[in-house]
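Open the model in your viewer and keep the sequence panel beside it. This tour tells you what to select at each stop and what is there.

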Amino acid sequence: MRDIDLLKQENNLKTFTFILLSIVTLGVYDLLWIYNTNKSINRFTGMKVVSNFFVVVLLSFTAWSWLFACYTDIPYFPFLNTIFSLISFIMTIVWSNAAKNALIYHCMGKYNLKLKTNNFYIVIFNVLYINYIINSLDNSNRTLNNQR
């Protein structure tokens, strides 16, 4: 079985289900998904998306922003919440872009398969769009197999 098929199987999460889990868990599932998907992409493609340290720092900034959001009556905490939230948002976009690039390079280099992606969607939907790309790998595989 090909590695992109294995990546799709391991992810095994429809985008609508991902949205529901993100809403129900108030965004905690997104962070766990980033951590697990980072390891999966590294393992199945052989390409390092970002370091584990980057992901841990992302998780830390997000956790601190949530903490600061809980205590808005303490001076400077609303400001710190804004700063940490902005940093986590930017780091999430950086991770999403790195994951997209890793998937594109792997599919193009190994299977001569060009994934169609949109950078605007990375900024707006970030991890949801990466999940969508991973789910679309199955459709791309069928197209590739039919061409042979």
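Which residues does Ser22 touch, not counting residues up to four places away in sequence? Select Ser22, and you will find Gly27 and Asp30. Contact here means heavy atoms within 4.5 Å.

Before going on, note the ground rules. This is a predicted model, where local features need pLDDT of at least 70, side-chain atom pairs count only at pLDDT 80 or more, and totals for chains, interfaces and linings use all residues. Residues are numbered from 1 along each chain as its sequence is written, and side-chain values use heavy atoms, with hydrogens and water left out.

**Stop 1: Ser22**

Stay on Ser22. It lies in helix 2, residues 15-24. Helices are DSSP runs of H or I with at least four residues, strands are runs of E with at least two, and both are numbered from the N terminus. Ser22 is buried, at a relative accessible area of 12%. Buried means under 20% relative accessible area, exposed over 50%, and partly exposed in between, using a 1.4 Å probe and protein chains only. Now show side chains. Those of Ser22 and Asp30 make a polar contact at 2.3 Å. A polar contact is a pair of N or O atoms within 3.5 Å; within protein, one must be able to donate a hydrogen and the other to accept it, and residues adjacent in sequence count only if both atoms are side-chain atoms.

**Stop 2: the whole chain**

Zoom out. The protein chain has six helices and zero strands. Its C-alpha atoms fill a box of roughly 65 × 25 × 25 Å along the principal axes. Of its 148 residues, 41% count as buried. Take the contacts between residues at least 6 apart in sequence: 68% of these join residues at least 24 apart.

**Stop 3: helix 1 and helix 3**

Select residues 3-11 and 28-45, which are helix 1 and helix 3. Their axes come within 10 Å and cross at roughly 160°. Axes are lines fitted to C-alpha atoms, for helices over the stretch in contact, and angles run from 0 to 180 degrees between N-to-C directions. The two helices are therefore roughly antiparallel, a label for angles over 145 degrees. On the helix 1 side, pick Asp3, Leu6, Leu7, Glu10 and Asn11. On the helix 3 side, pick Trp33, Thr37, Ser40, Ile41, Arg43 and Phe44. The residues of this contact divide into five nonpolar, three polar and three charged. Here Ala, Val, Leu, Ile, Met, Phe, Trp, Tyr, Cys and Pro count as nonpolar, Asp, Glu, Lys and Arg as charged, and the others, Gly among them, as polar.

**Stop 4: along helix 3**

Select Lys39 in helix 3. Lys39 is partly exposed, with 35% relative accessibility. Thr45 is buried at 10% relative accessibility. Its side chain reaches the backbone nitrogen of Met47 at 3.2 Å.

**Stop 5: two positive phi values**

Most residues other than glycine have a negative phi. Select Tyr76, in the loop between helix 4 (52-70) and helix 5 (77-111). Tyr76 has a positive phi of about 75°. Tyr76 is exposed, at 66% relative accessible area. Finish at Asn126 in helix 6, residues 119-147. Phi of Asn126 is positive too, near 25°. Asn126 counts as buried, at 11% relative accessibility.

Terms used: Angles under 35 degrees count as roughly parallel, over 145 as roughly antiparallel, 65 to 115 as roughly perpendicular and the rest as oblique.
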